Amino acid sequence: MAKEKPWGGRFREKTKREVEEFTASIRFDQRLYRQDILGSIAHAEMLARQGIIKKGEAQKIIKGLKVIKKEIERGNFPFRTELEDIHMNIESRLIYKIGGVGGKLHTARSRNDQVALDLRLYLRDEIKEIESFIRRLQSSLIKKAEENIDAIMPGYTHLQRAQPVLFSHYLLAYFDMFERDIERLRDCLERVTVSPLGAGALAGTGFPIDRRFIARRLGFKKVSENSIDAVSDRDFALEFASASAILMMHLSRLSEDIILWSSQEFNFIELPDALTTGSSIMPQKKNPDVPELVRGKTGRVYGNLIGLLTMMKSLPLSYNRDMQEDKESLFDTVDTVKGSLKIFTLLIERIKINREKMLKAAREGFMTSTEMADYLVRKGVPFRKAHEIVGRIVRFAINQGRLLEEIPLKMLKQFSDLIGSDIYKYLLPEKSQELKSSSGGTSKRNVLRRIKRLKKQWR
């Protein structure tokens, strides 16, 4: 195998080993080998179709690329640091295996448009896989919601008990968050699947290439319109990193809820032993390490986004070597998101719900006060006046150490003659959540209807 670099013709001195090691990306970009070979096969087909190389030469190149793919997958491909990246490693190996005809593969393209294509192919595949992982998590949320349709819990604002809600309604709030994540990723996919191949280094090429053939061959609907932008654009990567950061934020919020709920102070849920850890010193501990780590990894994904934005913010057009730094951040984001989604699906599936504890908490904290105010409004009292009346009743209950439903009717009437004996049925959490029948509200009928609709959509 020739040891000269593909670009070495202009240079008199051999590249220092320290420079080779510092500039090489093969350590991490070798994971792009499938995309690189797929793009190269499409490029070879196009070159032959356009008469730029002979059909037999293209066949020989394609056969060699497929052999190389198998070598990599078997783990016996000789990756070489001095060849810098996955593109030059594959090309050099191709020339070694099939001779000089392998050098024709790079006709009418540059590593600049080649790496842009590889990244787009990679993200296209990963976005589709991430969507499938989100769907599995959503499915586990639907199942858990349906299994616990009668469980009532406190809903919170400001982390203070606010109004009773169905636990299933709470879970479906996260379902909707993840649905928006899918929408963002799908929207991002529209800008990912644009073929840059044919842009060359930055100016295009004088060869009679067919860029649309390559795009169709690779499953892309569009080709880039400007060759300079094609090789210098990483907006699609930034958009993916941004969508991933928002997705991780949603997972982190769910993590926080689970961590709180599983604490002895809340005791709303119990996490499975198989998905928790213990303490090296305190025998009684059962730690929620999975959601804690997801919460921590969220900051890591944020950091990847900020790193990419910072890398791109001052780059002049067009391609700059700084852009090599995009890959590790992207790869780490993909791995972190996929790993977090997979482990969270397992966690949701195996969580045990403490319904009695949830309901007990929902009965405390005067959380049906709004129902009492609405009761007075139905009697003709303006809401602001009703709010003030109920506020005084709550203060009285606190001083008496009683729940609202424990206050005798005679005492309630001291605050308003409009309060009748029928008030007590509105003060129960079970009745409270059923009254929330407006579209999107927490009533059991609404939630069951939503679950049925979602299950029907996924058949």
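Contact here means heavy atoms within 4.5 Å. Helices (H or I, at least four residues) and strands (E, at least two) are DSSP runs, numbered from the N terminus. The structure is a predicted model, in which local features need pLDDT of at least 70 and side-chain atom pairs count only at pLDDT 80 or more, while totals for chains, interfaces and linings use all residues. Residues are numbered from 1 along each chain as its sequence is written, and side-chain values use heavy atoms, with hydrogens and water left out.

**View 1. Helix 3 crosses helix 6.** In this view, Q35, D36, L38, G39 and S40 of helix 3 meet Q114, L117, D118, L121, Y122, R124 and D125 of helix 6. The axes of helix 3 (residues 33-49) and helix 6 (residues 111-147) come within 9 Å and cross at roughly 120 degrees. Axes are lines fitted to C-alpha atoms, for helices over the stretch in contact, and angles run from 0 to 180 degrees between N-to-C directions. The crossing of helix 3 and helix 6 is right-handed. A crossing is called left-handed if the near helix is turned anticlockwise from the far one by less than a right angle, and right-handed if clockwise.

View 2. R136 and M312 are 176 residues apart along the chain, and their C-alpha atoms are separated by 34 Å.

**View 3. E57 in helix 4.** E57 lies in helix 4 (residues 55-74). This residue counts as buried because its relative accessible area is 16%. Leaving aside residues up to four places away in sequence, E57 touches V101 and K104.

View 4. Side chains of opposite charge can pair when their charged atoms come close. A salt bridge is defined as a side-chain nitrogen of Lys or Arg within 4 Å of a carboxyl oxygen of Asp or Glu, and the structure holds 39 of them. One joins the side chains of D181 and R184, at 3.2 Å from N to O. Both residues lie in helix 7 (residues 167-192), three residues apart, which is about one turn of the helix. D181 is buried because its relative accessibility is 1%, whereas R184, at 28%, is partly exposed.

View 5. The side chains of E256 and R295 form a salt bridge with an N to O distance of 2.4 Å. This pair links distant parts of the chain, with E256 in helix 10 (residues 235-261) and R295 in helix 11 (residues 289-312), 39 residues apart. E256 has a relative accessibility of 32% and therefore counts as partly exposed. R295, with a relative accessible area of 33%, is also partly exposed.

View 6. K385 and E388 meet through their side chains in a salt bridge of 3.7 Å, N to O. The two residues lie in helix 15 (residues 383-400), three residues apart, or about one turn of the helix. K385 is partly exposed at 45% relative accessible area, and E388 is partly exposed at 35%.

View 7. Most residues other than glycine have a negative phi, and most peptide bonds are trans. E84, which is not a glycine, has a positive phi near 75 degrees. It is found in the loop between helix 4 and helix 5 (86-98), and its relative accessibility of 7% is why E84 counts as buried. A108, likewise not a glycine, has a positive phi of about 70 degrees. A108 lies in the loop between helix 5 and helix 6 and is buried, with a relative accessible area of 10%. L317 and S318 are joined by a cis peptide bond, with omega about 10 degrees. S318 is in the loop between helix 11 and helix 12 (326-350).

**View 8. A nonpolar surface patch.** L202, I228 and L317 form a nonpolar patch on the surface, together having about 280 Å² of accessible area. Patches are made of residues with over 30% relative accessible area and no salt bridge, with like charges joined within 9 Å and nonpolar side chains (Val, Leu, Ile, Met, Phe, Trp, Tyr) within 5 Å. Accessible areas come from the Shrake-Rupley method with a 1.4 Å probe; for residues, only the protein chains shown count as cover. L202 sits in the loop between strand 3 (194-195) and helix 8 (211-217). At 37% relative accessibility, L202 is partly exposed.

Terms used:
Buried < 20%, exposed > 50% of the residue type's maximum accessible area, 1.4 Å probe, protein only.
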